[in-house]
Amino acid sequence: MSKSPQNFSGLDRVIHEPARLTLVALLSSVESADFLFLLKESGLTKGNLSVHLSRLEEAGYIQMEKTFRGKIQHTEYHLTPKGKSAFDQYRKSLGSIFNK
Amino acid sequence: MNVQIDTTVKRARAYWFVDGFTEIATGGLFVILAGALFITRNTSQTPFLSWFLSVTGEIIIVKIVSILAVILGLWWLKDHFTYPRTGFVRNRITGIQIFVILRNMILFLLLPIVSLFTASLFITSTGSVLASMPVWFPVGLGLIWAAFVVLAGEWMGLIRFRLLGGITLLTGIGVGIWQAAMGLPNVPAAVQPTILQPPLLESIDRTLIGLDLILVIFGVILMFSGVATFLRYRKENPQPYTDDV
C-alpha cells in the first residue's frame, strides 16, 4: 500500500485538494483574512468556500474568529501553527516526490 | 502546481497594493518630503551648523506628521473603500512596524549625507569625495531604490514594480548626468587634482537638489502608478460586495 500512487508519502490529503490548498496558501502569508477576501481570491462559490473552510477547521489547520470592525460583525480566519506546519510539510513533500 | 501555490501566496502578500492607495500615499509622502527639503535649503548666509540643526528638526517634524497622516489616511480609505469590495486582510506587518520601516527608509536616505559631512570634519580628503557626491549620490540612490523596488515586486509578484524600478534607476542616472553636465566634478579632486573643487556648502546643496529631484520624480511616478492601479481596481470592483452580486 505504501508504494501505491494513492498514497504518496507525506502528501496531506486535507491540503492536497486544490481549493483547500488555495485557501491555506492565501492564509499562509497573512495574519488573518475575512470570508470576502477568501471568496474573491479563491473564486469559489460561497457554499463551496464554507464547506472547505469547515473541513480545514475540523482538521485544526485554520481557526475562525468573530470580531467587530466598527459596529459590523466580522469573521476572520487564520492559519493555526498546525496548519502552517502542515502547509510547509506539504510543500516539502511535493518537492521530494519530483526529486525521487 | 508549486508555481501556482507561490503565485497564490504572493497574491495575498500584494493585497496591500491592490487598490493603488498605498502607492498614491507613499508617492505623496515623497513629494512632501522633497518640498520640505527644498524649502529648507540654505539659500541665505546662515551659519551651516545652525541651518543644519534647524533643517534636521523641521524634517523630523514633517516626517512624523506626514507619516502619521499617511497611515491614518490609508487606514480610513481601505476601511471605507477596499475592504467592503474585496475583503479584509490583517497583515503580519502592524501599523507600528510600517512606521518603523518608513522611518528607517527616510533615515537611510539622509544618513549618507550626514555621515559624509561628519567624516569630512575629521578627514581632510573626505571634502574631495564630497565634491563629487552631487554626481554619484543620485546614481547610487537610484540603484539602491531600484533594487529595493524590484525585489519587493518579486516578493509580492507585482510586475509593475519592475517598471517602477527601471524608471527609478534611469532617474538616478539622469539626475547624476545632469549634475555632471552642470560642471560639477564626477571624480574626487584628489584622484584628479586638476579639477576645480567647489566649496563644501555648494556640494551639500547640490547633493540635496539631486535628492530632491529623485524624491519628486519617484513620488510622482509612484502616484501615477497608484492612480492607474486604483482606476483598474475600481473598474473591476465598482460596488461594495453584497450577497446579490
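Modeller: Ground rules: a helix here is a DSSP run of H or I with at least four residues, a strand is a run of E with at least two, and both are numbered from the N terminus. We're looking at a predicted model, where local features need pLDDT of at least 70 and side-chain atom pairs count only at pLDDT 80 or more, though totals for chains, interfaces and linings use all residues. Residues are numbered from 1 along each chain as its sequence is written, while chains are lettered from A and ligands numbered from 1 in the order in which they are written.

Colleague: OK, what pattern does chain A follow along the sequence?

Modeller: Reading along, you get α-α-β-α-α-β-β-α. That covers five helices and three strands.

Colleague: Why are H2(A) and H3(A) called oblique to each other?

Modeller: Axes are lines fitted to C-alpha atoms (for helices, over the stretch in contact), and the angle between N-to-C directions runs from 0 to 180 degrees. Under 35 degrees is roughly parallel, over 145 roughly antiparallel, 65 to 115 roughly perpendicular, and the rest is oblique. The axes of H2 (residues 18–28) and H3 (residues 35–42) of chain A come within 10 Å and cross at roughly 125 degrees. H2(A) and H3(A) are therefore oblique.

Colleague: Which residues make that contact?

Modeller: H2(A) brings A:Ala19, A:Thr22, A:Leu23 and A:Leu26, and H3(A) brings A:Leu38, A:Glu41 and A:Ser42. "In contact" is about C-beta atoms, placed from the backbone, lying within 7 Å.

Colleague: What makes E2(A) and E1(B) stand at the edges?

Modeller: Strands pair if DSSP finds at least two bridges between them. The open sheet of four strands runs E2(A)-E3(A)-E1(A)-E1(B), with antiparallel pairing. E2 (62–69) of chain A and E1 of chain B each have a single partner strand, so one side of each has no neighbour in the sheet.

Colleague: How do you know that E1(A) is joined to E1(B)?

Modeller: Two bridges join E1 (residues 32–34) of chain A to E1(B), and the strands run antiparallel. A:Ala33 stands opposite B:Val89.

Colleague: Which strands do the two helices lie across?

Modeller: H2(A) lies across E1, E2 and E3 (72–79) of chain A, at about 95 degrees to E3(A). H3(A) lies across E1 and E3 of chain A together with E1 of chain B, at about 85 degrees to E1(A).

Colleague: What else does chain B give to the side that touches chain A?

Modeller: 16 residues of chain B are in contact with 21 residues of chain A. Helix H1 (2–13) and strand E1 (89–90) of chain B are the elements giving two or more residues to that side, and H1(B) gives the most, with seven.

Colleague: Why does B:Lys10 count as partly exposed?

Modeller: A residue is buried with 20 or more other C-beta atoms (placed from the backbone) within 10 Å of its own, exposed with 12 or fewer, and partly exposed in between. B:Lys10 has 17 such neighbours, so it's partly exposed. By the buried cut-off, 30% of the 100 residues of chain A make it.

Colleague: Where does B:Lys10 lie, and what is it in contact with?

Modeller: B:Lys10 lies in H1 of chain B. Leaving aside neighbours within four places in sequence, B:Lys10 is in contact with B:Met156 and B:Gly157.
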